[in-house]
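Here is the note you asked for, written as a set of points to read alongside the sequence and the structure. Please keep the view of the structure open while going through them.

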Amino acid sequence: MYLNGSIFPLVLALHSLELPQTSIYPALMLGITTYLFILLCNLTIVVTIFLNRNLHKPMYILLLNMPLNDAMGATSLFPQLLYSIWSEDRSISYSACLLQGFIVHLYGGASYLILTAMAYDRYIAICYPLRYGAILTTNNLVKIITGMWVFHFTVIIVLFSLLLPHQVCQTYMADLFCYNPSIMKLMCEDTRVNNIYGLFTIVLYHSLSLSVVAFTYIHILITCVTNKQSDAKIKALQTCGTHLVVFLFLEFNTLFPLLAHRSESVPAHIRRVFSISVLVFPPIVNPLIYGFKTKEIRQKILTCFKRKRISV
């Protein structure tokens, strides 16, 4: 992509981090530590599920998608961000910007679909425990996961394919990283089709997720209220309550910056804070909630550490 017929590849300038000189190295070390912590936590869960046959169950196979997705989301942000802190250079090529935006949207939409699939899994497990094995067979689970990713990949491919024909007429991006609404603001041509499709995807993902989560959790709540076993009721409510908090946090944090781009009344710095938090906090919090807090996964990890200490 070139700017107005220029022979030089297009280079964009992301919004400045506005770091004082004395804060550059502390910020760099904090960023590196955070990124490594995210990778360690999420990959630990992935390896634990992969290596333990006892965890090759529908619930954990669905859960496996989350740490992989969270690691992808963090990787879409941190390497480029850390490099720009170290080099004090906020430039990024247009092709790299498109790639970053594609991965960011792939991560964000997948987070919704994974949480939606997990809500359905909990619905079957709690409301129809005797039929759980018959409904969520390996074959059905593969269909759900494959269909989810193929559908999502297709939607995001179309979203970014619509950007390719447009001419770029400015190089300053008023965001800390690249994603579709911020890239569209660089275009000097009519982007109504992009806006319509973008709004369509927002409505599609949010309405689909909200309707499934609302349906499943209303039925789970009814089942828990009518269930006479208090221990099972408390455990189910705790699990579903945590899941609901994570879902609502993701819902607000992703919806706000996407809609804020379409309103001039929202301060830009607030939009930037919310947008970058989606790529930082869920990849940190999710493995702690869904991985280390889950009894079976925690026991496998502790057993592995104990064996290593004994061998040493």
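The points below take up confidence, the sheet, the cysteines, the aromatic pairs and one threonine in turn.

1. Please bear in mind from the start that this is a predicted model. The chain has an average pLDDT of 85, and 90% of the residues score at least 70. Confidence is highest in helix 1 (residues 24-51), where the mean is 93, and lowest in helix 10 (residues 295-311), where the mean is 68. Over residues 4-8 the pLDDT falls below 50, and in the model this stretch has 5 contacts beyond near neighbours in sequence. Where pLDDT is low, the predicted coordinates should not be read in detail.

2. As a general point, strands of a sheet pair through backbone hydrogen bonds, in either a parallel or an antiparallel sense.

3. Strand 1 and strand 3, by contrast, pair in the parallel sense over 2 bridges, and here the bridge partner of Ala 13 is Tyr 172 in strand 3.

4. Which residues of strand 1 belong to its covered face, and which to its uncovered one? Leu 12 and Leu 14 make up the covered face, whereas Val 11 and Ala 13 make up the uncovered one. In a regular strand the side chains alternate between the two faces of the sheet.

5. The structure holds 1 disulfide, which joins Cys 97 to Cys 178 with an S to S distance of 2.0 Å. This bond links distant parts of the chain, since Cys 97 lies in helix 3 and Cys 178 in the loop between strand 3 and helix 6 (180-184), 81 residues apart. The torsion about the S-S bond of Cys 97 and Cys 178 is about -115 degrees, so the disulfide is left-handed. Both Cys 97 and Cys 178 are buried.

6. A search of the whole structure finds 12 aromatic pairs. One of them is formed by Tyr 35 and Phe 78, which are stacked, at 5.5 Å centre to centre and with 20 degrees between the planes. This pair links distant parts of the chain, with Tyr 35 in helix 1 and Phe 78 in helix 2 (residues 58-87), 43 residues apart. Both Tyr 35 and Phe 78 are buried.

7. Tyr 112 and Phe 247 form an aromatic pair of the edge-to-face kind, at 6.1 Å centre to centre and with 90 degrees between the planes. This pair, too, links distant parts of the chain, for Tyr 112 is in helix 3 and Phe 247 in helix 8 (residues 230-260), 135 residues apart. Tyr 112 is buried, and Phe 247 is buried as well. Elsewhere, Tyr 120, Tyr 123, Tyr 128 and Phe 215 form one aromatic cluster.

8. Finally, is Thr 34 buried or exposed? Thr 34, which lies in helix 1, has a relative accessible area of 17% and is therefore buried, the cut-off for this being under 20%. When its neighbours within four places in sequence are left aside, Thr 34 is in contact with Phe 78 and Ile 284.

Key. Residues are numbered from 1 along each chain as its sequence is written. This is a predicted model: local features need pLDDT of at least 70, side-chain atom pairs count only at pLDDT 80 or more; totals for chains, interfaces and linings use all residues. Side-chain values use heavy atoms; hydrogens and water are left out. pLDDT is the predictor's confidence in each residue, from 0 to 100. Helices (H or I, at least four residues) and strands (E, at least two) are DSSP runs, numbered from the N terminus. Contact means heavy atoms within 4.5 Å. A disulfide is a pair of cysteine sulfur atoms within 2.5 Å. Buried means under 20% relative accessible area, exposed over 50%, partly exposed in between (1.4 Å probe, protein chains only). Two strands pair if DSSP finds at least two bridges between them. Rings of Phe, Tyr and Trp (its six-membered ring) pair if their centres lie within 6.5 Å; planes under 30 degrees apart count as stacked, over 60 as edge-to-face and the rest as tilted.
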